[in-house]
Amino acid sequence: MITEDDFYKVMCAMVPLYFAMIVAYGSVKWWKIFSPEQCSGINRFVAVFAVPVLSFHFISMNDPYQMDTKFILADTLSKVFVVVLLSIWVVFKRGGGGLDWLITIFSVATLPNTLVMGIPLLKAMYGDFTQSLMVQVVVLQCIIWYTLLLFLFEYRAATLLIRDQFPGLAAAAISKFEIDEDVISLDGRRDPLRTESETDENGRIIRVRIRRSTADHSAAVSSPSMGITPRASNLSNAEVFSVNTPPQAAPPVVVSSHNPTSCFDDVVLGYRSGSPHVSAGYASSDAYSLQPTPRASNFNELDTVTTATTTPTWALSPVAGKVFRQSPPAFSGVMMTWQSSPGMYQGGGGKDVNIGPEKDISFRDNIKIPMQEEEGNPKSSVVADGQEMPNAFVMLRLILIVVGRKLSRNPNTYSSVLGLLWSLISFKWNVGMPSLVKYSIKIISDAGLGMAMFSLGLFMALQPRIIACGTKRATMGMVIRFICGPIIMSAASVAVGLRGVKLHAAIVQAALPQGIVPFVFAREYGLHPDILSTGVIFGMLVSLPVTLLYYIFLGL
């Protein structure tokens with residue numbers, strides 16, 4: 001039976017976390033203490049130092065030789081069950097887009113915020129022994145499940161890149177991929193990618209080199225004769241253009257993409273290789289920042305499609321309101337892409353789009369941008385109909401190289417591996433950490449938990465709205481996060497023989513709010529970042545009453 005003292009202990013653990021979050025929210029939303037740039041700096045500190053050092057502190061203090069086998073097995077079994085179930089669904093799903101939803105639903109259902117929320121909450125509810133259980137879950141998340149998530153993201157990016165660069169049967173003959181050292185993702189969201197292929201005597205592609213585009217990232221010069229006029233935007237260090245084509249016929253005016261006098265700086269309307277998604281307001285390109293820095297824009301909406309690479313040149317068609325491509329685009333930044341066929345500008349459904357005097361290009365609201373998985377959209381499938389892919393071993397080697405590079409640049413990977421190695425050494429031979437090192441780590445790890453919650457508050461304050469993906473998707477996300485996740489976890493726990501307090505802890509742990517790292521990956525790869533951001537924000541707001549309900553219900 002839950003007593004008043006138990007309830008008070010839980011509140012003592014949770015209220016300070018919410019206090020840090022609310023203070024951060026108010027400092028931006030109400031008191032205007034921090035600018036977006038300053039928030040970005042704070043979040044960068046949290047992502048690179050505070051959270052990795054905090055995770056190292058917990059992992060290094062955990063005895064790996066005393067891990068709870070049943071608890072870890074239950075957690076692993078629940079995640080494997082979700083992956084298998086979603087994979088079966090993808091195989092039989094019609095219309096494509098299944099892999100996209102596999103990644104998103106897996107993230108929402110199985111990857112909670114265990115480190116920041118789970119440890120203090122479960123410790124207050126069920127005792128000190130739960131800290132060790134939560135640390136074990138964190139270790140597996142960082143080393144196994146986040147790596148799997150990266151693998152799925154890069155696989156998706158690789159198939160999109162190959163489909164766009166080598167459509168039809170051309171890709172089947174590829175026997176080797178060579179990747180330049182500076183390529184750390186196949187998505188090409190931050191840096192456009194280009195491919196160079198080598199063919200055999202029969203004209204078949206046998207070797208492909210993937211490299212970053214060397215094209216100048218400048219944009220077109222504004223010209224009154226083109227009807228392209230710069231206007232002020234609240235995107236920092238950028239001018240945002242609206243395209244207003246004059247209604248009367250006009251001779252073609254060529255605009256070179258290499259013009260050094262372009263006033264585009266941080267944000268460029270351009271090409272993003274191999275991925276048809278648009279980041280839609282998520283301006284930050286930092287792969288491991290907790291801050292997506294969304295900013296409202298004074299644009300409308302735009303459909304997106306994909307294309308090939310090389311340096312672009314654009315012209316206005318004599319036909320009113322039409323734009324045609326003189327050569328393929330290769331831009332980066334906030335991106336719009338163009339159909340590789342020579343003709344009109346086309347939307348996501350392959351239809352001609354008339355850019356008239358009142359039609360502006362917009363990335364303001366990502367809800368308005370057609371999702372890739374919409375029915376009837378020929379781009380909805382990761383692999384198009386009739387598309388052949390390279391040999392499975394060739395694809396696997398390509399993706400493993402890229403995933404390895406990304407993991408080697410992630411500070412959380414270092415903290416998890418180093419913490420695990422030290423714990424193995426420390427508890428095997430009873431070696432204590434030197435005091436100089438111990439207290440150096442402690443001074444940052446003590447601030448890590450509060451700073452992580454403070455960072456979440458800053459993130460919430462900078463959002464245009466809490467429910468970014470719409471009420472329908474938000475509701476489905478909350479059902480998956482707070483109902484389906486705990487049900488699957490409880491079934492897996494019972495299946496492996498977990499009982500009593502540990503069973504209760506496993507269920508409450510599965511009902512924690514959405515984890516931050518899956519959202520960072522979703523934003524970086526442009527795959528449903530609105531759903532994951534809603535899970536982080538709204539999930540934090542409702543997590544206290546939800547977990548308390550689970551705690552009270554399980555204690556009856």
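Me: Which elements of the protein chain have the lowest and the highest mean pLDDT?
Reply: This is a predicted model. Strand 5 (residues 240-243) has the lowest mean pLDDT among the elements of the protein chain, at 32, and helix 10 (residues 471-495) has the highest, at 95.

Me: Where is the pLDDT below 50?
Reply: The pLDDT is below 50 over residues 215-384. In the model this stretch has 421 contacts beyond near neighbours in sequence. Where pLDDT is low, predicted coordinates should not be read in detail.

Me: And what is the mean pLDDT of the protein chain?
Reply: The mean is 73, and 68% of the residues reach 70 or more.

Me: Changing topic, how many aromatic pairs are there?
Reply: The count comes to 9 aromatic pairs. In one of them, Tyr 25 and Trp 30, the ring centres are 5.5 Å apart and the planes stand at 75°, so this pair is edge-to-face.

Me: Is Trp 30 buried or exposed?
Reply: Trp 30 is exposed, with a relative accessible area of 51%. Tyr 25 counts as partly exposed, at 23% relative accessibility. Ring pairs link Tyr 25, Trp 30 and Trp 31 into a cluster.

Me: What about Phe 106 and Trp 145?
Reply: They form a tilted aromatic pair, with 6.2 Å centre to centre and 50° between the planes. Phe 106 belongs to helix 4 (residues 98-110) and Trp 145 to helix 6 (residues 129-165). The two residues are 39 residues apart, and the pair links distant parts of the chain. Both Phe 106 and Trp 145 are buried.

Me: Which residue lies over the face of Tyr 439?
Reply: Lys 438 does, at 6.0 Å from the ring centre.

Methods
Residues are numbered from 1 along each chain as its sequence is written. This is a predicted model: local features need pLDDT of at least 70, side-chain atom pairs count only at pLDDT 80 or more; totals for chains, interfaces and linings use all residues. Side-chain values use heavy atoms; hydrogens and water are left out. Rings of Phe, Tyr and Trp (its six-membered ring) pair if their centres lie within 6.5 Å; planes under 30 degrees apart count as stacked, over 60 as edge-to-face and the rest as tilted. Buried means under 20% relative accessible area, exposed over 50%, partly exposed in between (1.4 Å probe, protein chains only). Helices (H or I, at least four residues) and strands (E, at least two) are DSSP runs, numbered from the N terminus. A charge sits over a ring if NZ of Lys or CZ of Arg is within 6 Å of the ring centre and within 35 degrees of the ring normal. pLDDT is the predictor's confidence in each residue, from 0 to 100. Contact means heavy atoms within 4.5 Å.
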